[in-house]
Amino acid sequence: MTARSLEQYADASILEALVEQNRQGRQCGIYSICSAHEEVLRASMEQALEDDSPLLIEATCNQVNQFGGYTGLRPDDFITKVRDLANEVGFPLNRLLLGGDHLGPNPWRNEPAALAMEKAEELIKHYVRAGFSKLHLDASMACADDPTPLSVLTIATRAARLCAAAEETARALGRSEQQMPRYVIGTEVPVPGGAQSQHGESEALAVTEIAAVVDTYESHRQVFLEQGLGSAFERVVALVTQPGVEFDDQDVIDYQPLEAQALSNSILQFPGMVFEAHSTDYQTEEALTHLVRDHFAILKVGPGVTYAWREALFALSAIEDEILCSNEKSSNVRRVLEQCMLDAPEHWSGYYQGDERAQRLARRYSYSDRIRYYWQQPEVCQAVECLVQNLRHNTPSEPLISQYLPLVYEARRTGMLTSSDPLDWLRYSVRHVIASYARACGFKTMRKIAA
C-alpha cells in the first residue's frame, strides 16, 4: 500500500464527527470488526452496503504484524486482502476505515522491554505505511524484565514512544493533517486473544473507577505534551475502559447501565473523546444500544462474528450428515477441524481448562472461539469447500433448514433472504450478528438480501 493510494480510503476524521455527535447525546456510534476471516469480512461489507454506512475493520498485533502474525499477514498484506474483497463486493473504499488494535509490545512480551519496544515501534510504522488510520496505542503489558504491574506513567511513556514513531512515519509519507492517524489510548481488557478465566471467575469483573480514567488521561496528556506530541494528542478520539462487559469460555457478563453510569458521564470532561468498549461479543442488542447511548461509542467485536460463522457451519455439517448419511463424499468438516486443533494445540491449550471431555466441548463450542485460529488451515479450507459444494448439489429441504438453521429458515420464508446458496446462508448468519451492532450504532438494517 503506497502513500499515494491512501486517499482511496475513508478519512479518519470521520471518527471525530462520530465522536462529536455521540457526545451531544445522539444514538451514534460505530462497530469495529476485529477479524481476518475472509467470509466474515465479506459479510461485514455486505451489511455496511445494506446500511449505507462506513465500515471499520481492525487487525490486532497478534493477527497481523511485520513478521506475519498468526494469520501469516503483514499490515500491507492485510490491507491488500481487505481492498481486494471490497472491490469484489463493490464496497466503496472511501467508506472503509482501517484500524490496528493493541499495537504495542504484546507479541514480544516474553522478551526484555528494550527489545520488545523496538519491535513494537517497527510494528506501528508498518501499520502507518500500509494505510491504517486508527491506532490503539497499548503498552500496558509487562515485558520479561519489567515489574508487574507497570505504572501508569511507564505505560503512557511507552505509548508516547509508539505515537512518535507513527507520527514520524506519517509525516515522512507526506500525509496531510486530515490523513494523520487518530489514536485510542488506555486498556481495560485481557491480553489480545480473550479472557482465560475459568467458569464463574469473571463474575467479579468491576467497572473502571473514574480515578483510573483521569489518571490514564492525564498521564498520557502530560507525557505527550512533554515529548512534543500535542497535536497528536488532539487526535486521540477514544479511551479504552471496562464498562463491565466480558466473556470467557462459558460465560458472558452483560452490560449493567446503572453500574456504569458514573463512568459513562465522566467522558464528557475529556474534550473530543468517547469510550471504546472491547469484548462486547455476545452482548444483547439492548445492551449494545445502551453502551452507545452511554458514550461507549466504539464497539469492538471479534470472536462473536467468527462464532456465528462456526455455529452456522456446524449446522450445515449436520444437514450434510442427514442428506449424505456420512458417506465417502461427506466433508467431515468437524472431524477435520478437531484434528487440526489437536495437531496444533498452541492456540487453545492455555485457555481451556478441565478434563478431556470439557476441553473437547470447549474446542468446539466455547465463547472464546479459539477455533477461529484454524479456519485458514489448507485441510480445513478444503473441507469447508467440500461441504458447500455438497449442499449446492443436494439442496436441503425446508424442514431440514428449519431444524438446523432457524434464522435462515425464517429469512427465507419472509423473503428477506432469497439465495439458495449455502455460502450466502453462512454469511447471513454473520450478518445477523453484525446487524444488531449496526442498529445499536444508529444505522439502518436489514432489508432483503437477494440471491
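Visitor: What's the mean pLDDT of the protein?

Guide: This is a predicted model, with local features needing pLDDT of at least 70, side-chain atom pairs counting only at pLDDT 80 or more, and totals for chains, interfaces and linings using all residues. Residues are numbered from 1 along each chain, and side-chain values use heavy atoms, without hydrogens and water. The mean pLDDT (the predictor's confidence in each residue, from 0 to 100) is 93, and 93% of residues reach 70 or more.

Visitor: Where is pLDDT below 50?

Guide: Residues 1–7 are one such stretch, with 13 contacts (heavy atoms within 4.5 Å) beyond near neighbours in sequence. Residues 196–202 also stay under 50.

Visitor: Switching topic: how much space lies in the second largest pocket?

Guide: About 430 Å³.

Visitor: What about strand β4, are its faces covered or open?

Guide: Both faces of β4 (residues 134–137) are covered: Lys134 and His136 on one side, Leu135 and Leu137 on the other, are all buried, meaning under 20% relative accessible area with a 1.4 Å probe, protein chains only.

Visitor: Which strand is joined to β4?

Guide: β3 (residues 96–103), running parallel to β4 through 3 bridges. Glycine 100 stands opposite leucine 135 in β4.

How values were computed: 1 Å grid on protein atoms, 1.4 Å probe; cavity = no way out; pocket = protein on both sides within 12 Å on 5 of 7 lines; lining within 4 Å. Points joined across faces, edges and corners; volume = space filled by probe spheres on them. Buried < 20%, exposed > 50% of the residue type's maximum accessible area, 1.4 Å probe, protein only. Helix = DSSP H or I, 4+ residues; strand = E, 2+ residues; numbered from the N terminus. Pairing = 2+ DSSP bridges.
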